[in-house]
Amino acid sequence: MNPTPFSRQIVALRRFASILLRHPQSALGTALVFFFLFLAVFGAQLAPYPNPNDQSHAPRLSPTIDIGALQLGEHPFGTDRLGRDVYSRVILGASSIFRIAGLGTVISVLVGSAVGLYMGYRGGWFDELLGRVIDALLAIPALLLALVLVGIIRNLDFEIGSWQAELADNVVLLVIAVLYVPVVARVARSSALDIKTREFVEAAEIRGEPTYYIIYREILPSVIPALVVEASLRFSYAIFLVASLGFLGFGARPPSPDWGLMVNENRGGFYQLTPWALDFPALAIAILVIAVNLMSDGIRRAVQKGN
Amino acid sequence: MLKFLRRRFVFFLFTYLISSLMIFFLLRVLPGDPARVIAGGREATAEQVAEIRSELGLNAPLPEQYVNWLGNFLRGDWGKTIAFRGADNRELIVQRSVNSARLALVALLLSVPLSLVLGIIAGLRENKLPDVIISLLTLSVVSLPEFVTGLFLINIVALGWGRGPLAEALGWWFPSSSAVPANASFGEMLPALWLPAFAATLVLLAYISRLTRAGVIEELKRDYVRTAALKGIPYRSVVTRHVLRNALLPTVTVIAISITWLISGLVVIEYVFGFPGLGSLLIAAIERRDLLLVQSIVMVSVTVILFTNLFADLAYAALNPRIKLG
């Protein structure tokens, strides 16, 4: 056996990172994503007013940010019509979008790859049937399904504090996880179909290894690059979807500092009063979405080159 | 060819069956009683709920309910809406679909020619300045959510430029989409269509032009291009007669995919612009808990998508004799 079991992975990871960061666009995207991740984790410490619903300020104050002088001022992004500090709310809003899109992606990738790998390895009628069902599911646009699902689940009455109510509070996260399972499963399945004809899988079968061992130890390592690419793509779509659902009023409920919701709350007639209360969260969404796309583009390129 | 057609058709029917099953059971099987929701939630009395249950046929076994529902849908009997007093679901959906189709048509007419031109330019000048500029622009636009571009356009055109002759001229050219009556004729509606159509165009533009660019680049590397060039055929006619003809073939499929894509994109765009289309109707129906209307809208969208995909597959097979029809 290899004396340092992780050294090979570390070398591969380093190589991957160096290819990713060599390309200026993907390096910028990755840096920005990590910047927002930092905000998401340490938002409560970084925001000048850690309570997003602190209404103690004067309403409708103009932004005091001075980019030329590198000064933030008292209310860098101004205050909204209820007297809440927009800068703090934008910082605090990073955590929910990362939590929902990130966890949703992780769940869908884990479940989807388990389902897809099993389908691809097992083959036969099981694979055929489930494959057709997946194709059919993918015919319905994700946003429509998400709207319908979120709309229904949120309108159900649950006892406050029960586990159903807990789930209903995280409905967007769950919907994202559920929606992307078939997509990931399809990718994992087609990769598994390719790998399962290789000699090392045949060797394991001849040794009499159980199915889960063959899938987990023999097939999975070879399909991880494809899954990494798919996961990063899913994450960028998930960010997009969370922002859109929040904007349509199907995400976080007021008064939470969700970016999409903030954009929706301050549009129309309110935009003339406090344009900054819309502009800054919209800008945050735009930058994050573009950054995530650049990063996932770079991850795809790096994985292709690494192979 | 016949075998291919048969396979495609069987898949079409199967997909239709699965999606209708899912749409039906999602709205019925989930915990919570639709009759109670319709009757007004917790305040409703048991009699009211029971009355609505029998009215909607909710007392029958689920499979029977499904068959009834699908049969009614296919016959065109989509029931009455609860959310919009007195209206018939079908009339409402047909009217809103026509509006959405107008918006989609304007968006496609704007975006397809423009994105093909941009994609071809970028593909022919791979990694040169025009390509870099076009790729950067499309890459950043493709990733922006529709509501960000939509609001940006609204705020620039409607509000951001303040008062004065320019703003007045713009207001005349781009009247607010929400002021349009839902039953306006195409001519009356057209001025209000430009802005939402432009928002949809930006999204489609990025998408179609990137695919066109990739097609042109791939085609330029083929052997026959080199042979034609060595034969002394001018570059211009190699490109127009050979490369573009082959590179643009997949565009049929791309347009079909963009229609699928438009259907979800339009939900957001119609909501942002307050445009009376199918997407804004869907959101209103979900918000007002009109389950039957929601089911019908989603079924209509799925029908449109499946027919578009079927048509695209057939057109692609007809245009490209090399495709494997097995």
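## Basis of the description

Residues are numbered from 1 along each chain as its sequence is written, while chains are lettered from A and ligands numbered from 1 in the order in which they are written. Because the model is predicted, local features need pLDDT of at least 70 and side-chain atom pairs count only at pLDDT 80 or more, whereas totals for chains, interfaces and linings use all residues; side-chain values use heavy atoms, with hydrogens and water left out.

## Chain A as a whole

Chain A contains twelve helices and zero strands. Helices (H or I, at least four residues) and strands (E, at least two) are DSSP runs, numbered from the N terminus. The C-alpha trace of chain A spans about 75 × 50 × 30 Å along its principal axes.

Of the 307 residues in chain A, 48% are buried. Here buried means under 20% relative accessible area, exposed means over 50%, and partly exposed lies in between (1.4 Å probe, protein chains only). Chain A exposes about 14,900 Å², and carbon and sulfur atoms supply 64% of this area. Accessible areas come from the Shrake-Rupley method with a 1.4 Å probe; for residues, only the protein chains shown count as cover. Among contacts in chain A with a separation of 6 or more, 69% involve residues 24 or more positions apart. Contact means heavy atoms within 4.5 Å.

## Helices α2 and α3 of chain A

Helix α2 (residues 24-46) of chain A packs against helix α3 (residues 86-122) of chain A at an angle of about 120 degrees, and their axes are 7 Å apart. Axes are lines fitted to C-alpha atoms, for helices over the stretch in contact, and angles run from 0 to 180 degrees between N-to-C directions. The crossing of α2(A) and α3(A) is left-handed. A crossing is left-handed if the near helix is turned anticlockwise from the far one by less than a right angle, and right-handed if clockwise.

The residues of α2(A) that meet α3(A) include A:V33, A:F36 and A:L37, and those on the α3(A) side include A:I91, A:L92 and A:F98. By class, this contact has eleven nonpolar, two polar and no charged residues. Ala, Val, Leu, Ile, Met, Phe, Trp, Tyr, Cys and Pro count as nonpolar, Asp, Glu, Lys and Arg as charged, and the others, Gly among them, as polar.

## Loops of chain A

A:H57 lies in the loop between α2 and α3 of chain A. A:H57 is buried, at a relative accessible area of 12%. Apart from neighbours within four places in sequence, A:H57 is in contact with A:Y49, A:H75, A:T79, A:G83, A:R84 and A:D85. A:R60 is also placed in the loop between α2 and α3 of chain A, but A:R60 is partly exposed, with 44% relative accessibility.

Most residues other than glycine have a negative phi, and most peptide bonds are trans. The phi of A:R60 is near 60 degrees, a positive value in a residue other than glycine. The peptide bond from A:P254 to A:P255 is cis, with omega near 5 degrees. A:P255 is situated in the loop between α9 (211-247) and α10 (259-265) of chain A.

## Chain B

Chain B has 14 helices and zero strands, and 48% of its 326 residues are buried. Its accessible surface comes to about 16,700 Å², of which 65% belongs to carbon and sulfur atoms. Helix α5 (residues 89-124) and helix α9 (residues 186-220) of chain B have axes that come within 4 Å and cross at roughly 30 degrees. This crossing of α5(B) and α9(B) is right-handed, and the residues in contact divide into 26 nonpolar, eight polar and two charged.

B:F73, in helix α4 (residues 62-75) of chain B, is buried at 7% relative accessibility. B:F73 and B:S296 are 223 residues apart in sequence, yet 7.4 Å apart in space, C-alpha to C-alpha. B:N127, in the loop between α5 and α6 (129-142) of chain B, is exposed, with a relative accessible area of 60%.

## The interface between the chains

The contact between the chains takes 44 residues from chain B and 42 residues from chain A. Chain B and chain A bury about 3,900 Å² between them, 79% of it on carbon and sulfur atoms. Buried area is the accessible area (1.4 Å probe) that two parts lose on being put together, summed over both. B:F147, B:Y271 and B:I286 supply 15% of the area that chain B buries against chain A, more than any other three residues.
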